[in-house]
Amino acid sequence: MQHLQNLFLENFAIPKEYTLLFEQIHLLGMQDKQEEFNTLHKQLMKQRIQAVEKALGSILQDAEIPPRLSEAMRYSLLAGGKRLRPTLCLSMAKLCSHARRDKNLWVLAMPFAIALEMIHTYSLIHDDLPAMDNDDLRRGKPTCHKAFDEATAILAGDGLLTDAFYFMTDCNLPAQNILQGIQLIAKAVGSEGMVGGQMLDMEAEQRTLNLDELCILNAKKTGALLQCACLSGASLVGATDTMKKYIKEYGTNMGIAFQIIDDVLDVIGDTALLGKNTGSDAANQKSTWVSLIGIEESRKKAVEYCNDANKALQELAQSEPLLDKGEQYFLQKTTSDMAYRVY
């Protein structure tokens, strides 16, 4: 575990050059620095994803799991992806650790963050099943039930979800903070959150939702886990109620933006680049942001919600001057880049 913590400390570090470039561009208007800044940001993001990948690759190997089940779990868990949820969790923990005057405290949240990716992967395995969305491609590979069989895929999802809660407890942090984090996650992925959202999604097929109904569905199915990835990271390191208020606002806006972007890319995206089939929303007659307000308005909304997320970060920084400024800038840049994937 110690070697993984050192890996994360190294790969999540924000160099002074990054902070300087951000301020030169956004405070001094030096747009000639933008390309250099973009390159550095991509490099740092790649480092973080690689750290998460290495941690994911180290788990479940030596456990007494039946070989076929272990193979199916690791097949889906290690298939790639943006690793957004564990990255957000650790970024928020890092952001708040600085304000708590213990700048390296955040790295102890690493097992919890990795567990979030296990939960996310479980949800993808089950969403892809024939009884749900019936997809045959995920992250550029055959879906779990196609690569193995339907029963094994169900059990692989069950195993990842349940084992995730074991990993969440494997953090050397105050028990009360861990308990609060687990409560957040359990509510976000349970019947009031992600599972409930999947039920609403199935019921919504073959009928047109209004925008309010779509927002409720999105908040449960997609937004809940993204929001609590942010909020749990802050809670694990003992963030104040004020800090959590702004971080919740950031996560809520990020969750909505993420779903809008997903809806747009399902129409205009490239299957080879996205790693999953496009056009499935229209084929299944699902109500989406695009079907309700069109592509151009959806694009504008994605940018608007990302801007609102970054505004919450800026307000957080104003209320908490000891926040890790480099991490704040990294989150703002990540959010802004996400919005422009639809253009």
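User: Trp289 and Tyr305, buried or exposed?

Analyst: In this predicted model both Trp289 and Tyr305 are buried, meaning under 20% relative accessible area with a 1.4 Å probe and protein chains only, where over 50% is exposed and anything in between partly exposed. Local features here need pLDDT of at least 70 and side-chain atom pairs 80 or more, while totals for chains, interfaces and linings use all residues. Residues are numbered from 1 along each chain as its sequence is written, and side-chain values use heavy atoms, leaving out hydrogens and water.

User: How many aromatic pairs are there in the whole structure?

Analyst: The search finds 9, counting rings of Phe, Tyr and Trp (its six-membered ring) with centres within 6.5 Å, called stacked under 30 degrees between planes, edge-to-face over 60 and tilted for the rest. Phe22 and Tyr329 are stacked, because their centres are 4.0 Å apart and their planes at 10 degrees.

User: Which ring pairs form a cluster?

Analyst: Tyr18, Phe22, Phe37, Tyr329 and Phe330 are linked into a cluster by ring pairs. Arg48 lies over the face of Phe330, 4.0 Å from the ring centre; the criterion is NZ of Lys or CZ of Arg within 6 Å of the centre and within 35 degrees of the ring normal.

User: Switching topic, how many disulfides?

Analyst: The structure holds 0 disulfides, taking cysteine sulfur atoms within 2.5 Å as the cut-off. For Cys89, the nearest cysteine sulfur is that of Cys171, 8.3 Å away.

User: And how accessible is Cys89?

Analyst: Cys89 is buried, with a relative accessible area of 0%, and Cys171 also counts as buried, at 8%.
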